[in-house]
Amino acid sequence: MFMYVFSIVLIVASNILYNVCQKSTPEKANPFSALLLTYLVAGILTVIAFYLSKPEKTLFQSFKGLNWTSPVLGIAIVGLEFGYIMAYRAGWNISVGSLVANILLALALIPIGIIFYQEGFGLHKILGAILCIAGLILINK
């Protein structure tokens, strides 16, 4: 139960920090130099965390267990972060931009969950999705 709650709290706290940092990235800064510094820090922290996890294999040996998802995730993360920087520079408010993006994301993931992961989508979830769409309409008026 702890990990069930902790994981969501970590996601929310990290997303708050993420969006505040994206919104606060200096307007004149090259977004790719900002991302490079971001990934250097993330890389260093990840290497430290890897060794603190007391792995059975070396870092490079552990790469053998990976597949296409890690490099594609890297591409997706760069797109995500560049998109947020540009959205905030284009004038999206921090309180609305992230909300709109995440609602659209949730709606886009519905068919993916149903088709590829055989997730159920009953009446309550349909009503929730309808409310999300209504919220998008209202928030953008």
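How many nonpolar, polar and charged residues does the lining of the second largest pocket have? Point 4 answers this.

1. **Basis.** This is a predicted model, where local features need pLDDT of at least 70, side-chain atom pairs count only at pLDDT 80 or more, and totals for chains, interfaces and linings use all residues. Residues are numbered from 1 along each chain as its sequence is written, and side-chain values use heavy atoms, with hydrogens and water left out.

2. **Helices 5 and 6.** The axes (lines fitted to C-alpha atoms, for helices over the stretch in contact) of helix 5 (residues 94-117) and helix 6 (residues 123-139) come within 10 Å and cross at roughly 150 degrees. Angles run from 0 to 180 degrees between N-to-C directions. Helix 5 is therefore roughly antiparallel to helix 6 (the term covers angles over 145 degrees). Helices here are DSSP runs of H or I, at least four residues, numbered from the N terminus.

3. **Their contact.** Contact means heavy atoms within 4.5 Å. Helix 5 contributes residues including Val-96, Leu-99 and Ile-103. Helix 6 contributes Ala-129 and Cys-132, among others. The contact residues divide into twelve nonpolar, no polar and no charged. Nonpolar means Ala, Val, Leu, Ile, Met, Phe, Trp, Tyr, Cys and Pro; charged means Asp, Glu, Lys and Arg; the others, Gly among them, are polar.

4. **Second largest pocket.** Its lining has six nonpolar, four polar and one charged residues. Helix 1 gives the largest share, five residues. Tyr-18 and Glu-81 are among the lining residues. A pocket is an open set of points on a 1 Å grid over the protein atoms alone, where a 1.4 Å probe fits, with protein on both sides within 12 Å along at least five of seven lines; lining residues have an atom within 4 Å of a point.

Key:
Helix = DSSP H or I, 4+ residues; strand = E, 2+ residues; numbered from the N terminus. Parallel < 35°, antiparallel > 145°, perpendicular 65-115°, else oblique.
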